[in-house]
Amino acid sequence: MENKTVFLNGQYLPLNEAKVSVLDRGFLFGDGVYEVIPSYSGRLFHFQEHLERLENSLAAIRLANPHTREQWLDILSPLLDVNLDQYIYLQITRGVAPKRDHAFPEDTSATVFAMCPVIVPFAGLNDGIKAVSMDDARWKFCNVKAITLLGNILHRQEAIDQDCAEALLVKDGYVIEGAASNVFAVIDGVLCTPPKGNDILPGITRDVILEIARKNNIPCSEEKIPFAALQTASEIWVTSSTREIIPVVELDSKQVSDGKPGPAWHAMNLLFQAYKKSLS
Ligand code: PDD
């Protein structure tokens with residue numbers, strides 16, 4: 001990444017000058033949370049919803065929010081470029097403690113870091129991607145956007161090692177989400193996605209897609225999806241802020257329908273792009 005300006009604890013610095021102590025609890029324990037917020041032509045996408053999720057993540061790990069929503073906007077705005085599509089990566093850790101101790105330290109202030117890389121259009125958007133299913137080996141707080149991502153990383157890497165772009169995680173016979181995405185399936189003409197709960201990250205892209213579907217009378221449901229139903233779905237998509245809506249054209253080495261992005265994906269992708277444009 002080029003040496004762009006980043007924000008660290010109240011200062012704007014070139015990336016290569018931003019330094020954090022090795023005693024930071026984010027480094028030692030993964031004790032922190034993060035957000036990923038897209039920005040199209042300098043406008044933050046669904047900023048209030050991302051901040052609400054950040055507030056929920058902070059509350060879940062019992063870390064006080066260091067800033068108000070207005071202050072967050074003031075902090076992040078200088079990182080945005082009206083000529084670019086970017087995403088804010090915002091991370092808050094429990095800060096630098098005097099010694100390594102699992103218990104929360106007293107009197108430490110949070111470490112706040114934000115950077116704003118360019119969104120590189122995802123190569124799999126138009127042709128679709130291959131995915132592989134695997135047992136969800138993560139923990140019980142998947143609704144918290146924690147920086148502790150080892151489970152997700154190992155799942156994603158296992159997918160990549162099998163020449164796939166995403167892992168679809170399965171728990172007790174139901175598909176849950178991707179290693180870094182939510183999952184949708186078109187089953188008997190209905191757009192289905194698993195319900196919110198502590199086993200999935202409540203994706204903002206997921207919510208926007210459901211909102212668009214409801215506005216356009218596209219039948220949709222938020223119910224648990226048996227893995228067997230996913231295997232015969234006519235379409236599968238994975239969604240996230242940085243990759244948007246990606247069609248899955250192969251699951252576990254078997255084609256999804258004819259192995260091409262399906263009509264529901266084409267329709268939703270057009271609606272999603274139009275919606276993005278309408279906000280800028
Ligand atoms: N990840 N589920 C998981 C486990 C994720 O990591 C993500 C996104 C999502 C989709 O959420 P959203 O639509 O709000 O981006 C679902 C981000 C992009 C990341 O970690 O980089």
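The expected span of a helix is taken as 1.5 Å times one less than its number of residues. Helices (H or I, at least four residues) and strands (E, at least two) are DSSP runs, numbered from the N terminus. The model is predicted, with local features requiring pLDDT of at least 70 and side-chain atom pairs counted only at pLDDT 80 or more, while totals for chains, interfaces and linings use all residues. Residues are numbered from 1 along each chain as its sequence is written, and side-chain values use heavy atoms, with hydrogens and water left out.

Helix α4, formed by residues 150-161, contains 12 residues. From its first C-alpha to its last, α4 reaches 16 Å, close to the 16 Å expected at 1.5 Å a residue. Burial was assigned from relative accessible area (buried under 20%, exposed over 50%, partly exposed in between; 1.4 Å probe, protein chains only). By this criterion N152, H155, R156 and A159 of α4 are buried. Viewed down the axis of α4, the buried residues fall within an arc of 95°, so they line one face of the helix; the arc is that of the directions from the helix axis to the C-beta atoms. An α-helix has 3.6 residues a turn, so residues three or four places apart point the same way. L150, L154 and D161 are exposed on the other side of α4. The cover over the buried residues of α4 includes β7 (129-135) and β8 (166-171), where contact means heavy atoms within 4.5 Å.

Most residues other than glycine have a negative phi, and most peptide bonds are trans. D163, located in the loop between α4 and β8, has a positive phi of about 65° although it is not a glycine. D163 counts as exposed, at 55% relative accessibility. D172 is found in the loop between β8 and β9 (174-178) and has a positive phi near 50°. At 71% relative accessibility, D172 also counts as exposed.

An open sheet is made up of six strands in the order β2-β1-β6-β5-β3-β4, with antiparallel pairing. The edges are held by β2 and β4 (43-44), each with a single partner strand, so one side of each is left without a neighbour in the sheet. Pairing of two strands requires at least two bridges between them in DSSP. Strands β1 (residues 5-8) and β2 (residues 11-14) are antiparallel and share four bridges. The hairpin of β1 and β2 has two residues between the strands, and N9 within this hairpin takes a positive phi near 45°. β1 is also joined by two bridges to β6 (residues 111-115), again in the antiparallel sense. F7 has bridge partners in both strands, namely Y12 in β2 and A114 in β6. L8 stands opposite F113 in β6.

D31 occupies the loop between α1 (25-29) and β3 (32-40). With 10% relative accessibility, D31 counts as buried. The side chains of D31 and R25 are joined by a polar contact of 2.8 Å. A polar contact is a pair of N or O atoms within 3.5 Å; within protein, one must be able to donate a hydrogen and the other to accept it, and residues adjacent in sequence count only if both atoms are side-chain atoms. When neighbours within four places in sequence are left aside, D31 is in contact with R25, G26, I61, T93, R94 and I147.

V183 belongs to strand β10 (residues 182-187) and is buried, with a relative accessible area of 0%. Not counting residues up to four places away in sequence, V183 touches L168, V175, I176, E177, C192, T193, P194, I236 and W237. The C-alpha atoms of V183 and G197 are separated by 14 Å, the two residues being 14 residues apart along the chain.

Around the ligand there are 19 residues, of which Y34, R53, E177, T205 and S241 come nearest; a residue is near a molecule or strand if one of its heavy atoms lies within 4 Å of it. A polar side-chain atom of Y34 is placed 2.6 Å from an oxygen atom of the ligand. For R53, a polar side-chain atom lies 2.8 Å from an oxygen atom of the ligand. S181 places a backbone N or O atom 3.5 Å from a nitrogen atom of the ligand.
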